[in-house]
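Come along and check each entry on your own screen.

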Amino acid sequence: MTDFTVTVPASDPNRLARLNRIRLFSLALARGCILLAALLAAGLVFYWFSASPSSIAADALMPPEWLAGLGMGRRAAGFAISFVPLACLIVALMSARRCFDAFAAGNFFGRDAVKGLRDFALGLLASALLKPFSAAALSVLLSSDAPAGQHRLTLGFGSDTILALLAAGIIAVIAWVLAEAAALADENAQFI
């Protein structure tokens, strides 16, 4: 697949202004993806290693006394379990960054843009699929000190997961269409 960098004739200043806005906005989004990935990772570390046991219990909808003895081992396990879907989301954000970097360079239909968009969709899909299982593992971990017969296994599948799956599917199809369009344009360019 050939990388297609968009060039604009000097006679079309409006189009040049639009392309410059796309490039600047893409550059800002690329940097935003990096910042968001770092903030999400730092936030998860901060949550698991500094939040009070009662706060974690409230978030998990569990009685606070079940987490009274929440030590570093269980906190680290909770972080590891929570990090699995977040790691997929971070991979997705880094893929989106590569796509936006390609857009900022004016390479709208090239390999980097299409691959970045496709990998973003796959990372988002993996994160959305793993989130309910992560929640289930966390419910087991956090209820391990519960009284006999009150241990929990909670499998949550909410509207946020459904929307993330839908968004991943939409973006994957868009990336697929862009890849086909780029291949077709490359094929047509060979005939000229």
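**Confidence first**

The protein chain averages a pLDDT of 89, and 94% of the residues score at least 70. A reminder to myself: where pLDDT is low, the predicted coordinates should not be read in detail.

**The core**

Next I looked up the largest nonpolar core, which has 37 residues. Which of them touch the most other members? I found Trp48, Ile56, Leu67, Leu117, Phe120 and Leu142. I then checked the helices: H1 (13–50), H2 (53–59), H3 (72–104), H4 (111–142) and H5 each supply at least two residues of this core.

Leaving out residues up to four places away in sequence, Phe120 touches Ala92, Leu93, Ser95, Ala96 and Ile171.

**A serine in H1**

Ser26 lies in helix H1. Is Ser26 buried or exposed? I read a relative accessibility of 4%; buried means under 20%, so Ser26 counts as buried.

Last, I looked for a nonpolar surface patch. Leu163, Leu166, Ile170 and Ile174 make one of about 390 Å². I zoomed in on Ile170, which lies in helix H5 (residues 159–191). Its relative accessible area is 43%, so I noted Ile170 as partly exposed.

Conventions: Residues are numbered from 1 along each chain as its sequence is written. This is a predicted model: local features need pLDDT of at least 70, side-chain atom pairs count only at pLDDT 80 or more; totals for chains, interfaces and linings use all residues. Side-chain values use heavy atoms; hydrogens and water are left out. Patches are made of residues with over 30% relative accessible area and no salt bridge: like charges are joined within 9 Å, nonpolar side chains (Val, Leu, Ile, Met, Phe, Trp, Tyr) within 5 Å. Accessible areas come from the Shrake-Rupley method with a 1.4 Å probe; for residues, only the protein chains shown count as cover. A salt bridge is a side-chain nitrogen of Lys or Arg within 4 Å of a carboxyl oxygen of Asp or Glu. Helices (H or I, at least four residues) and strands (E, at least two) are DSSP runs, numbered from the N terminus. Buried means under 20% relative accessible area, exposed over 50%, partly exposed in between (1.4 Å probe, protein chains only). A nonpolar core is a set of buried Ala, Val, Leu, Ile, Met, Phe, Trp, Tyr and Cys residues joined through side-chain atoms within 4.5 Å. Contact means heavy atoms within 4.5 Å. pLDDT is the predictor's confidence in each residue, from 0 to 100.
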